[in-house]
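Dear colleague,

Please find below the structure that I am handing over to you. My findings follow it, arranged by region.

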Amino acid sequence: MNNLIERVKQYLAAHTDISQQKLANQIGISGAALSGFLRGSYKGDQKAIADKLEALLSADESRSRAISEIRSPEIIETNIMRQIKFGMDYARDRNDIIVIYGAPGIGKTITARDWAADNPTSIFITANPNLATKRCVMEEILEALRQRIDGRADRMHRSIVKALEKTNRPIIIDEAHFLRLEALETLRAIYDATGVPLILISNPTIMDKITEKNKLITGQFFSRSVKIQLNESVPLEDVEAIVLQNGVELDEEALDELHRAANKTGALRLMTKLYLFALKMAHSAGEKLSIRHIQAAEQVITIV
C-alpha cells in the first residue's frame with residue numbers, strides 16, 4: 001500500500017495540471033476519501049480505492065510507454081495545407097469573405113489554428129451542432145472581444161460592429177457547415193459593417209447552403225465570397241514526409257499502400273492512424289514495419 005501511495009504522489013507531482021480533487025473525481029471518489037487514503041487514515045474500503053488508483057496509474061504508464069516506444073510523426077506542411085494558408089492569406093490581405101472547403105481528415109482545422117496563431121488578432125470560433133445560431137455566433141465573437149453579452153440581438157450586433165470596425169481582425173469559423181442560414185447572414189452583416197476578413201473553413205456540405213436556391217438568404221456569400229474547393233489528392237511525397245520520420249524505413253510497396261489509404265475517405269488523418277496501428281503491431285512482434293503489418297492493420301481499421 002505504501003508503494004501505491006508513493007506512486008500516486010509522484011503522479012500528482014508529475015501532472016501539475018491535475019489536483020488531488022481532480023484525481024479523486026477521475027476515479028469516482030470524494031476528495032476527502034482520497035486525502036485520507038494518501039495519509040493512511042482512511043477508514044473505509046481501502047482496497048476499492050487502491051484498485052481504482054492502480055488502474056489509473058497503470059493506464060497512464062501504458063500511455064507513457066506507448067508514446068516513448070512509438071513516436072507520432074511530426075506535423076508537416078502538406079500540399080493541401082499550403083492551399084488553405086494561401087486562401088486565408090488572401091482573405092486577410094484583401095479583407096474579403098472566403099469559403100475554404102474539402103473532405104474531412106485533410107488538415108483543415110490544424111492549418112486554420114496554426115494560421116490563427118500566426119495572426120494573433122484573429123477571432124477563432126469552432127461551430128458545432130450546439131453552436132450554430134446567429135445568437136451563438138455573436139456570443140462567441142463578443143466573448144473573444146471581451147465585450148458584454150447583452151440579451152438583445154441588435155445590441156450584440158452593434159457592440160460587435162463598434163469593437164471590430166477599422167480593426168482588420170480576421171473572423172475564422174471552423175466547421176462552418178454547422179451554421180444555420182441565419183448565422184451565415186449575421187456574419188455577412190458583420191462583414192458588411194466592419195470590412196474585417198471573414199474566413200469559413202468547412203466540409204463540402206456548406207455548399208448546400210451557399211447555393212443558387214438560397215441566394216436570396218445568403219446572397220452575399222453566393223455572389224461575393226471567394227470559394228476554394230481544396231484539391232484533395234494527396235501526393236506520395238506528403239505521405240513519405242509524414243511516415244519516414246524517427247528512423248522509420250519503408251519499401252516502395254508499403255509506401256504505395258499508405259499512399260492508397262491517404263487518398264480514401266479520411267485522407268491523411270486515417271492514413272496516419274493506420275500507419276501508427278501497423279507500427280504498433282510490428283513493434284509488439286519485435287519486427288520491422290512492412291507491407292504485411294500495414295495490410296494486417298487494414299483488416300482492423302476500415303479503409304473505404
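Asp60, leaving aside its neighbours within four places in sequence, is in contact with Tyr11 and His15. Asp60 belongs to helix α4, and with a relative accessible area of 13% it is buried. Please keep in mind throughout that this is a predicted model.

Helix α4 (residues 46-69) also meets helix α3 (residues 31-39): their axes come within 11 Å and cross at roughly 95°. The two helices are therefore roughly perpendicular to each other. On the α3 side the contact is made by Ala33, Leu34 and Phe37, and on the α4 side by Gln46, Ile49, Ala50 and Leu53. In general, two packed helices are described by the angle between their axes and the distance between the axes.

Not counting residues up to four places away in sequence, Ile27 touches Lys52, Leu53 and Leu56. At 10% relative accessibility, Ile27 counts as buried. Ile27 and Arg82 are 55 residues apart in sequence, and their C-alpha atoms are 44 Å apart in space.

I turn next to the sheet. It is an open sheet of five strands in the order β2-β3-β4-β1-β5, and the pairing is parallel. The edges are taken by β2 and β5 (226-229), each of which has a single partner strand, so one side of each is left without a neighbour in the sheet. From one strand to the next, the twist averages 15°. As a general point, strands of a sheet pair through backbone hydrogen bonds, either parallel or antiparallel.

How many bridges join strand β2 to β3? There are four between β2 (residues 123-126) and β3, and the two strands run parallel. Ile123 stands opposite Ile171 in β3, Phe124 has Ile172 as its bridge partner, and Ile125 is partnered by Ile173. On its way to the next strand in the sheet order, β3 is joined to β4 (residues 198-202) by three bridges, again with the strands running parallel. Here the bridge partner of Ile172 is Ile199.

Helix α9 (residues 181-194) forms a right-handed β-α-β unit with β3 and β4. Helix α5 (residues 79-94) lies across β1 (97-101), β3, β4 and β5, and runs at about 170° to β1.

Which residues of helix α14 (residues 291-298) are buried? They are Ile291, His293, Ile294, Ala297 and Glu298. These residues cover an arc of only 160° around the axis, which puts them on the same side of α14. What covers the buried residues of α14 includes α12 (252-262) and α13 (267-284).

Most residues other than glycine have a negative phi. Arg146, however, has a phi near 60°, a positive value in a residue other than glycine. Its place is in the loop between α7 (134-145) and α8 (153-164), and at 78% relative accessibility Arg146 counts as exposed. Lys166 likewise has a positive phi, near 65°, and is a residue other than glycine. Lys166 is found in the loop between α8 and β3, and with a relative accessible area of 81% it is exposed.

Yours sincerely

Technical notes:
Residues numbered from 1 in each chain as written. Predicted model: local features only at pLDDT ≥ 70, side-chain atom pairs only at ≥ 80, totals over all residues. Heavy atoms only, no water. Pairing = 2+ DSSP bridges. Right-handed = clockwise from strand over helix to strand, strands pointing away. Buried < 20%, exposed > 50% of the residue type's maximum accessible area, 1.4 Å probe, protein only. Arc of directions from axis to C-beta. Contact = heavy atoms within 4.5 Å. Axes fitted to C-alpha atoms, helices over the stretch in contact; angles between N-to-C directions. Parallel < 35°, antiparallel > 145°, perpendicular 65-115°, else oblique.
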